[in-house]
Amino acid sequence: RMIPYRAEMLYAGKASNAGNAATYLQERCDYLKIVPTDESYETIQKLFVKYYAQQKDWTKVKYFAALVKKPDADTVYYSAFASYSTEKYAEAVSIIENSKTGNMTLSTAARSLYARSLQKIGRTSAALSEFASLEAGGIMDDQTRLDYAETLLLAGHLNSAYAQSAKCSLPQALYVGGIALFNNRDWKTAENCFARYRRSSAAVNENETQAYALFYQGYAQYRQGKAADAYANLVQFAQKYPQHALVWNARMTASNAAVQAGRLNDAVIQAQT
């Protein structure tokens, strides 16, 4: 009984301590030769699942989850998340759906993961229904709301996607909202969302979305007749991301923006680059 307690003391709820806690567990199990018939065996396997999930070691998460005979809500979530993180979305759905056969109360994170996994395998209506249920229950945290907004966006519900993103305080929601507005041709508000996203701390570590945000901001400026701003951002995009799939579009739009601004030499340069 003391082994799980001491492991949790080492872990102390911090992901950075998960490695030390897992090492301690393994050493004690080896020393004491813990076997499945031991009273603490099941609890120890659940802790292994949690600690390796914190380290993103999905292979070990799946290994130890398979040793748990009576999974609790955390084990179900971590096991499903391991499947999701290795792109086995149908497996993640199956794990969570199988847990529903008992009286287990799933966490908000697990239900959100379930909805995201449903969307990944094309069960969009079921995903949206799950998200709507979470919102109706008043248990929609920021990450779940962001997931909801992204699913609505993928389903083509642009107004609803923007409405959900506007309720979310995560910087990534600005990007999702911007895409919804962009597709709705609300150029001014879309430009504002992309500009705010690019100024956020999140954009620093998200190179792919940062690139798209720069292009979309420039294009939205072009559609508003802000030729000088559009030219500057689109040329910056083309220079910064020369291998991007949208670089040709950026050069051509920058060329048109240069014509609008009366900068004919710049227009020729961008068209010929």
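**View 1. The crossing of helices α4 and α5 is left-handed.** In this predicted model, helix α4 is made up of residues 58-65 and helix α5 of residues 73-85, and the two pack with their axes 9 Å apart at an angle of about 140°. Because angles over 145 degrees would be needed for a roughly antiparallel pair, α4 and α5 are described as oblique to each other.

**View 2. Glu87 is placed in the loop between α5 and α6.** The phi angle of Glu87 is near 65°, which is a positive value in a residue other than glycine. Glu87 counts as exposed, because its relative accessibility is 61% and the cut-off for that class is over 50%.

**View 3. Arg185 is placed in the loop between α11 and α12.** The helices on either side of this loop are α11, covering residues 172-183, and α12, covering residues 187-199. For Arg185, as a residue other than glycine, phi is again positive, with a value near 60°. With a relative accessibility of 53%, Arg185 counts as exposed.

**View 4. Helices α15 and α16 pass each other in a left-handed crossing.** Helix α15 consists of residues 227-240 and helix α16 of residues 247-260, and their axes, which come within 8 Å, cross at roughly 155°. Since an angle over 145 degrees counts as roughly antiparallel, this is the description that applies to α15 and α16.

**View 5. Tyr216 is a buried residue of helix α14.** Helix α14 runs over residues 207-223, and Tyr216 is found within that stretch. The relative accessible area of Tyr216 is 17%, so the residue is classed as buried, the cut-off for this class being under 20%. Thr189 lies 27 residues away from Tyr216 along the chain, and the C-alpha atoms of these two residues are separated by 12 Å.

**View 6. Met2, Tyr5 and Met9 form a nonpolar patch on the surface.** Together, the residues Met2, Tyr5 and Met9 have about 350 Å² of accessible area. Tyr5, one of the members of this patch, lies in helix α1, which comprises residues 2-11. Taken on its own, Tyr5 has a relative accessible area of 49% and is therefore partly exposed, since a residue must be over 50% to count as exposed.

Technical notes. Residues are numbered from 1 along each chain as its sequence is written. This is a predicted model: local features need pLDDT of at least 70, side-chain atom pairs count only at pLDDT 80 or more; totals for chains, interfaces and linings use all residues. Side-chain values use heavy atoms; hydrogens and water are left out. Patches are made of residues with over 30% relative accessible area and no salt bridge: like charges are joined within 9 Å, nonpolar side chains (Val, Leu, Ile, Met, Phe, Trp, Tyr) within 5 Å. Accessible areas come from the Shrake-Rupley method with a 1.4 Å probe; for residues, only the protein chains shown count as cover. A salt bridge is a side-chain nitrogen of Lys or Arg within 4 Å of a carboxyl oxygen of Asp or Glu. Helices (H or I, at least four residues) and strands (E, at least two) are DSSP runs, numbered from the N terminus. Buried means under 20% relative accessible area, exposed over 50%, partly exposed in between (1.4 Å probe, protein chains only). Axes are lines fitted to C-alpha atoms, for helices over the stretch in contact, and angles run from 0 to 180 degrees between N-to-C directions. Angles under 35 degrees count as roughly parallel, over 145 as roughly antiparallel, 65 to 115 as roughly perpendicular and the rest as oblique. A crossing is left-handed if the near helix is turned anticlockwise from the far one by less than a right angle, and right-handed if clockwise.
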